[in-house]
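Hello,

Here is the structure I promised to pass on. Please have a look, then read the notes below it.

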Amino acid sequence: IKVDVDTDRGTRIGVPNLLTLFDEFGIKATFLFSLGPDNTGRAIKRIFRPGFLGKVSRTSVISTYGIRTLLNGVLLPGPHIGRRNEGVMRLARDKGHEVGIHCYDHIRWQDGLMKMGRDDVYREFGKARMEFERIFGEPARTAGSAGWQANSHSLAAYDEAHLLYASDARGAHPFSPRAGGTTFKTLQIPTTLPTLDELLGRPEYPEERIVEHYLSLLRPDSPNILTIHAELEGMKKIELFRRFLKAATGHHVRTMKLDDLARELLRNPASVPVCDLASGTVDGRSGTLAVQRCA
């Protein structure tokens, strides 16, 4: 289970809720934190992106994120997530969960990465690395990008940071990423399952059957990577997520941190295939994102 933490509110409220829930089930997860300013309100630019308005109406964005969060960076200054919430972040680490980088400025990375040059990408990721090290007293060993945005520049920055692995893509199984004609060293562990916000509100996935649907997607022969969000499964839909965890436990599903999975895979790196990290789409999500493509 990978937890993407996008906002100040999600860090302050959603993360503690999830820590309590994970204690209840004896689960250790991977938390990826947004570490700089919360400028969520600037996402209004996505209104012109195909599929964005549909997602907004399906997932009740206002009730999920709150009015205050949706004004951050537009009518109100974006609060600095790392400085305001470092205690909560360290608590996740102290409880035995893995911690890593989601981004510095979520909106800047998700909406701007593909327009950035190499120096800008290194600078933005460098700010996240510095803030992570300030909070945790050690370098980050993993990153999973905001909005599943990645390219050859960001992969090169990961290699330079000597990450154990990264989780930027959507795909079917772990792989060594190739982009721009280069194969990069940092292992990719992609999200393999749909996210809850990609399913909610769609008539083919009624909420009372979502737990059953998730269980039907689990494959016994390959790692199943579920990305959840502190703002959704940690807040508004926490009871739905609790039902999923209870059902998964009843089906003897074993959970693990992604760094433990990465270490298992890297014991035999020759078994990890090289696949392209390309731009593509995912059902239920607006815009393009990094997807795994294998020959």
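Two strands pair if DSSP finds at least two bridges between them. Strands are DSSP runs of E with at least two residues, and helices are runs of H or I with at least four, numbered from the N terminus. This is a predicted model, where local features need pLDDT of at least 70, side-chain atom pairs count only at pLDDT 80 or more, and totals for chains, interfaces and linings use all residues. Residues are numbered from 1 along each chain as its sequence is written, and side-chain values use heavy atoms, with hydrogens and water left out.

The sheet comes first. Four strands form an open sheet with mixed pairing, in the order β7-β6-β10-β11. Each of β7 (182-183) and β11 (289-293) has a single partner strand, so they stand at the edges, with one side of each left without a neighbour in the sheet. β6 (residues 176-179) pairs with β7 in the antiparallel sense, over two bridges. Arg-178 has Thr-183 in β7 as its bridge partner.

Next, His-97. This residue sits in the loop between α5 and β3 (98-103). His-97 is buried, at 4% relative accessible area (buried means under 20%, exposed over 50%, partly exposed in between, with a 1.4 Å probe and protein chains only). A polar atom of the His-97 side chain lies 2.9 Å from the backbone nitrogen of Ala-29. Leaving out residues up to four places away in sequence, His-97 touches (heavy atoms within 4.5 Å) several residues, including Leu-19, Phe-22, Ala-92 and Lys-257.

Best wishes

Definitions and conventions
A polar contact is a pair of N or O atoms within 3.5 Å; within protein, one must be able to donate a hydrogen and the other to accept it, and residues adjacent in sequence count only if both atoms are side-chain atoms.
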